[in-house]
Amino acid sequence: FQIPTTGMQAWWWAIVVVTVGAAWGRLAQPAHDGWAAATQGALDPKWNSLPVLLPAAGIVVGAASSFLHSRRNFKAQARPAQPAPPRLQELIKAFGGIPNVALKYSALIFEGSRLPELSPAALVPENRVPGCVSRTWVSVSGDAAMVRIAAHSEAQITRGLCALLVTGLDGLPAEEVAAVDPGVLQDFGFGDTLTPGRNSGFLNIMLTIQKQARQLCDSKSA
């Protein structure tokens, strides 16, 4: 037996186990009732909860599977975090010093307007950023020595967030991009300036870029 290798597989495993447990509980109920009648109530009371315990056990096993997978996946992806590269640090310093919310939005929209268009061929599901309020794609090409990052979003603000990461990370070695601590995004000082959905999307854009950068590293070592 192996723990599922992806988060989606873990959740499907949980659903299958719960469904099987619930079905087994329903099947066990008539047998349980017949057994109780045949023994004229002499059945140990602890067996009365059998139809309930079976699906409950399925829920526990499924949840445990997902939890174990998450821990293993986290350990597998954990790498020594590095500080932000110089260009990203410059952008963090510039945006962190803007005190006015409206000015920050204006600056983000301006940065987004300068973002080069992403090739239509790159607008594919595997480049889609999960968890973004608006549809967003990133594409990391090149090789392990130097990555080329491109991005596109249908929303102006998210497009600006993409532009910050493209400007700050493009042209670096893939390993350096993959090793940047995503926590540095907090240093931009957006905080309550952005909605929770856009803050989450900003992080997911970063993680998607790093995921593709790791794939370039892995292709080099293969």
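Predicted model: local features only at pLDDT ≥ 70, side-chain atom pairs only at ≥ 80, totals over all residues.
Let me begin with helix 3, whose buried residues are covered by, among others, helix 4 (101–113) and helix 5 (156–169). Buried here means under 20% relative accessible area, exposed means over 50%, and partly exposed lies in between, with a 1.4 Å probe and protein chains only. Helices (H or I, at least four residues) and strands (E, at least two) are DSSP runs, numbered from the N terminus.

Residues are numbered from 1 along each chain as its sequence is written, and side-chain values use heavy atoms, with hydrogens and water left out.

Which residues of helix 3 are buried? In this helix, residues 86–96, they are Leu 88, Leu 91, Ile 92 and Phe 95. They lie on the same side of helix 3 because they cover an arc of only 100° around the axis, the arc being that of the directions from the helix axis to the C-beta atoms. As a general point, an α-helix has 3.6 residues a turn, so residues three or four places apart point the same way. The other side of helix 3 carries the exposed residues Pro 86, Glu 90 and Lys 93.

Turning to the whole protein, there are 7 helices and 2 strands, arranged along the sequence as α-α-α-α-β-β-α-α-α. Of its 222 residues, 38% count as buried. A contact means heavy atoms within 4.5 Å. Among contacts with a separation of 6 or more, 71% are made by residues 24 or more positions apart. The accessible surface, from the Shrake-Rupley method with a 1.4 Å probe and, for residues, only the protein chains shown counting as cover, comes to about 13000 Å², with 62% belonging to carbon and sulfur atoms.

Next, the aromatic rings. Rings of Phe, Tyr and Trp (its six-membered ring) pair if their centres lie within 6.5 Å; planes under 30 degrees apart count as stacked, over 60 as edge-to-face and the rest as tilted. By this rule there are 5 aromatic pairs. One of them joins Phe 95 and Phe 190 edge-to-face, at 5.9 Å centre to centre and with 65° between the planes. Phe 95 belongs to helix 3 and Phe 190 to the loop between helix 6 (174–179) and helix 7 (196–221), so the pair ties together parts that are 95 residues apart in sequence. Phe 95 is buried at 3% relative accessibility, and Phe 190 is likewise buried, with a relative accessible area of 3%. Ring pairs link Phe 95, Phe 188, Phe 190 and Phe 202 into a cluster.

A charge sits over a ring if NZ of Lys or CZ of Arg is within 6 Å of the ring centre and within 35 degrees of the ring normal. Arg 128 lies over the face of Trp 137 in this way, 5.7 Å from the ring centre.

How many disulfides does a search of the whole structure find? It finds 0 disulfides, a disulfide being a pair of cysteine sulfur atoms within 2.5 Å. For Cys 162, the nearest cysteine sulfur is that of Cys 132, 6.9 Å away. Cys 162 is buried, with a relative accessible area of 1%.

Finally, Ala 155 is in the loop between strand 2 (147–153) and helix 5. Ala 155 is buried, at 14% relative accessible area. Leaving aside residues up to four places away in sequence, Ala 155 touches Ser 134 and Arg 198.
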